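Student: Hi, could you walk me through this model? I'd like to hear about the strands, then a pocket, then the other chain.

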Amino acid sequence: MKTWKDELEGRMPADWATEIDLFENQMELRRQGKVEEKLFAETRLRRGAYGQRYDNGQRNDGTGTKALAYPNGALTKGPDTIWDAPGMQRIKIPFGGLNPDQMDVLADLAEEYSDGICHVTTRQDIQLHYVHFDDTPSLLRRLAAIGITTREACGNSVRNVTACPLAGVCRDESFDVTPYANASMKFLLGHPDVQDFGRKFKIAFSGCRQHACGLVNMHDMGAIAVTREIDGETVRGFELYVGGGLGAVPYDAVLFDEFVREDEILPITQAISRVFARLGEKRNRARARIKFLVKNLGMEEFKRLVLEERAKLPHDDRWAAYLDELPSHGEKPLKVGASLNGAARPEGFDAWCETNVYRQRQPGYCVAAVTLPLGDITSHQLRELAAIARRYVGESVRTTVEQNIVLRWVSEADLPQLYEELRALGLSAPGAGSIVDVVSCPGTDTCKLGIASSRGLAGELQSRLAAKAMELDKAVRDMRIKISGCFNSCGQHHISDLGFYGVSRNVGGYTVPHFQVVVGGKWVDNGGSYGLPIGAVPSKRIPDVVTAMTDAYLRERQGQETFQEYTQRVGKKALKDKLAPFTKVPAREEDASFYSDWGDPREFTIGDMGTGECAGEVVSLVDSDLSLAEAMVFDSQLALENGDFTAVADKSYQAMLQGAKALVKMRFLDITDDPDQIVAEFKQRYYDTEIFFDRFGGGRFGQYLFRRHEQKEQPTDTAAGRQLVEEASLFVEACHACSAKLAAQGSTAQGGAAEGVTSTVVTLEL
Amino acid sequence: MGGHTDVDGLQRIGVKFYLSETPPLDAVIPVFHRWIQTAAVEGMLIDIADYSHVPDGPGVMLIAHEGNYAVDLNGGRPGVLYYRKQALAGDLDQRVRAVCAAALRAAALLEGEASLGGVKLRGDELQIFANDRLLAPNDGATEAAFAPVLTGLLDRLYAGAPRQLCRDQDPRRRFNVDVKAERGADAATLLQRLTA
């Protein structure tokens with residue numbers, strides 16, 4: 001029987017072919033039980049082969065949790081991850097650059113191994129879902145043969161190196177960052193100095209400070225192109241930032257150096273990697289990103305260590321070898337640049353041009369954005385888009401962090417015909433980079449961490465907004481909506497005008513999907529500032545929230561104020577008040593739709609519910625206590641808005657204590673207000689027993705409380721204050737999740753009644 | 001099979017039976033969820049993938065370990081799709097029939113779903129495809145090797161009725177053949193003929 005290995009022999013880079021052979025061998029050893037599952041999980045992840053929802057062999061089908069009887073259920077590819085369960089394959093696309101041949105193969109792979117869909121991610125990757133792990137070696141070989149590796153697409157290493165999709169054609173950039181991003185990717189791929197990180201490391205390049213496309217502020221390391229006049233010559237370099245990141249608690253990147261010369265960017269990156277590998281946290285994943293190291297050391301000390309490391313690095317020719325090729329770098333346009341010059345404009349063309357076409361700095365050329373709904377493109381569409389690219393632009397195609405694809409170097413005169421061809425493929429939707437172009441992570445559709453259906457909500461919003469796009473005021477059209485299925489921010493909800501992330505609430509014994517509403521984020525200036533959550537709203541009311549917020553903005557805006565400026569001016573209290581009409585969840589008998597998620601008719605809750613009256617009262621008490629904790633978190637946000645850092649520290653800490661106390665009270669009604677007792681009881685009853693633990697994050701949120709209790713931190717600036725607020729918010733969310741988990745299990749007290757409650761009151765046990 | 005061993009080994013076989021009209025996709029989602037609850041169709045049923053937001057895309061899919069089902073809209077035409085991902089027993093002829101039977105069982109069930117507004121199989125049209133460019137590239141050799149199996153299949157399904165076959169000649173696409181028969185039948189009849 002033919003194999004792809006034989007078929008592609010000699011067509012893959014030799015080292016990549018060897019790596020894939022080794023990986024296939026490791027798979028076989030794991031099948032034979034000769035590789036420990038945790039070790040194998042990291043091996044697999046470093047090939048970009050992820051687990052996917054339900055790969056633990058369990059799924060709630062709407063009537064209860066049922067076992068998924070995979071044929072080889074005993075064999076695992078990682079802890080709690082069944083070998084046979086379909087997974088997700090992440091494919092790194094450095095700086096988003098694709099050529100038509102690669103697009104053809106990606107389309108084939110999606111069709112043969114996945115579900116016929118290529119999904120563009122918020123970091124310019126492509127993801128395939130529902131891939132069977134046994135197909136991975138063939139899939140990787142077919143990618144290798146077209147110059148794509150998935151090595152280090154996941155795992156604790158350097159992830160995809162991203163860059164502005166307009167690099168090289170942007171009207172505002174200092175210079176084209178593409179060759180630098182490409183050189184960084186090649187230099188760091190498999191480099192020994194990036195193999196011992198405690199967590200992942202994400203790098204981004206941007207050609208300018210003011211636009212968003214590079215998103216430098218939210219990266220572990222970000223470089224903004226700048227030039228300097230030195231001795232009468234224009235010298236290229238980078239404004240270098242380190243320690244940014246979204247995730248549960250977002251951090252702004254900190255300026256490392258105002259000007260790192262172009263020939264120093266790779267050695268400095270290497271030195272940073274060494275310091276991170278040596279001093280970064282390894283055991284506690286929740287604090288292992290470089291942002292924590294930078295914060296703990298302070299930038300001054302961090303930089304001193306990096307420069308010390310730099311001085312010791314043995315010379316490497318690769319640091320500057322690529323610079324010799326820079327003069328010949330650049331895409332060659334396929335067509336002659338020519339203006340539209342009165343050519344006929346098909347129906348819908350002008351609206352598409354307004355949002356989807358960007359005029360390049362090179363006269364006569366444009367970038368055309370292909371808007372992908374939720375980042376999805378079918379195999380057929382991708383294959384035909386490759387054919388279009390061949391006809392109009394050659395190899396100048398890139399993915400974007402807004403989950404679209406752009407064709408660069410389109411001759412302006414070709415735009416009408418290009419539009420017609422895209423329309424025939426269903427790829428001519430206008431609205432790229434507007435409020436209609438909703439960004440979403442996979443959420444509960446496929447992600448193991450998803451809490452609520454981000455894609456379901458995104459699809460609903462997109463469909464409603466698209467229907468009235470032409471009627472929307474330009475100020476609203478220019479807004480952005482980004483959605484994550486949980487607090488981990490893969491949907492980048494912190495840097496949008498309106499951001500949402502999935503949470504849940506217990507209502508009358510049922511778990512109800514909600515989204516936290518995040519406002520105040522800044523998309524421009526490389527994701528220049530982060531929004532904060534102002535309150536949780538039932539998932540089914542989010543479209544109403546979008547309408548209310550945008551209406552209020554139009555009504556109350558002053559002058560040309562952007563939505564972000566508007567939210568800053570009116571303040572969070574006023575914004576939270578606008579949410580109030582949408583927060584109530586009707587009783588299930590009144591409207592059951594609130595109790596399931598978008599696009600999923602299953603009851604949102606897990607397991608049989610405890611509906612006993614007494615248990616219900618106890619649940620009500622905990623919900624009421626947690627609601628108070630939420631209000632206290634919000635108070636700390638208001639204090640932050642007022643620059644009162646002492647109050648921020650106090651209120652956010654009190655909110656965490658209130659959350660902890662709410663849980664403790666479920667088992668020990670006589671708990672006092674003494675912080676020492678609350679923390680001790682919480683630790684003993686919930687932390688040490690791991691009841692509070694998040695399935696994937698372990699005890700990270702509990703540690704927030706312990707740290708605050710021990711250290712009584714006082715923030716000195718807004719960034720530090722915001723972290724305390726975020727941590728308090730996450731801790732209270734974790735309390736909600738813990739309470740919901742106990743309710744779902746039908747218990748308020750493990751193994752018996754709560755102390756101080758008669759045994760006839762609490763009737764449910766684990 | 002004319003000794004064409006590569007096609008003989010083909011496992012990733014798929015078929016799409018065209019529907020007379022597109023059912024409301026939002027109504028298909030709860031149907032597929034119920035099918036998982038009741039194990040209504042064959043296979044280890046895992047989850048639903050909703051791609052109704054993608055124009056002419058995979059529609060709504062029912063993901064199973066062995067193969068995926070879908071109310072599929074690719075090519076701008078609705079149909080009940082089933083394609084195999086795991087190996088099947090038997091020779092190629094038996095495997096092709098097994099795949100078609102799985103799709104027809106799903107189609108027959110869909111026809112009985114009141115919430116889908118009486119969706120009907122066209123009964124006279126299908127597309128059969130090989131989802132494996134290694135063993136069955138889209139070329140004349142695959143077509144020749146596949147022809148006896150296809151003839152046998154269509155003789156059974158359409159009870160010897162004349163039909164037109166059209167292979168998509170685009171070498172970029174997977175091997176696929178569209179079939180239009182002069183006389184069709186409903187899903188249950190097609191299934192009965194196939195398994196008789």
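Tutor: Happy to! In this predicted model, strand E8 (residues 117-120) of chain A runs antiparallel to E17(A), and three bridges join the two.

Student: Which residue stands opposite A:Ile377 in E17(A)?

Tutor: That is A:Cys118.

Student: And what's the strand order of the open sheet of five strands in chain A?

Tutor: The order is E1-E6-E9-E8-E17, with antiparallel pairing. Strand E1 (49-50) and strand E17 (376-378) of chain A are at the edges; each has a single partner strand, so one side of each has no neighbour in the sheet.

Student: What does helix H5 of chain A lie across?

Tutor: Helix H5 (residues 136-144) lies across E1, strand E6 (87-91) and strand E9 (126-131) of chain A, at about 15 degrees to E6(A).

Student: New topic: what volume does the second largest pocket have?

Tutor: About 1,200 Å³. It is lined by 42 residues, and the closest to its centre are A:Glu402, A:Ala432, A:Gly433, A:Arg480 and A:Trp523.

Student: How do the residues of that lining divide into nonpolar, polar and charged?

Tutor: There are 17 nonpolar, 11 polar and 14 charged residues in the lining of the second largest pocket. Elements of chain A that each supply at least two lining residues include helix H11 (349-356), strand E16 (365-370) and helix H18 (563-579).

Student: Now chain B: how many helices and strands?

Tutor: Chain B has five helices and eight strands.

Student: What's its radius of gyration?

Tutor: Chain B has 16 Å, which agrees with the value near 16 Å for a compact globule of 196 residues. Its C-alpha atoms fill a box of roughly 45 × 35 × 30 Å along the principal axes.

Key:
Residues are numbered from 1 along each chain as its sequence is written. Chains are lettered from A and ligands numbered from 1 in the order in which they are written. This is a predicted model: local features need pLDDT of at least 70, side-chain atom pairs count only at pLDDT 80 or more; totals for chains, interfaces and linings use all residues. Side-chain values use heavy atoms; hydrogens and water are left out. On a 1 Å grid over the protein atoms alone, a cavity is a set of points where a 1.4 Å probe fits but cannot get out, and a pocket is an open set with protein on both sides within 12 Å along at least five of seven lines; lining residues have an atom within 4 Å of a point. Grid points are joined across faces, edges and corners, and a volume is the space filled by probe spheres set on the points. Helices (H or I, at least four residues) and strands (E, at least two) are DSSP runs, numbered from the N terminus. Ala, Val, Leu, Ile, Met, Phe, Trp, Tyr, Cys and Pro count as nonpolar, Asp, Glu, Lys and Arg as charged, and the others, Gly among them, as polar. Two strands pair if DSSP finds at least two bridges between them. Contact means heavy atoms within 4.5 Å. Axes are lines fitted to C-alpha atoms, for helices over the stretch in contact, and angles run from 0 to 180 degrees between N-to-C directions. The radius of gyration is taken over C-alpha atoms; the globule rule is 2.2 Å times the number of residues to the power 0.38.
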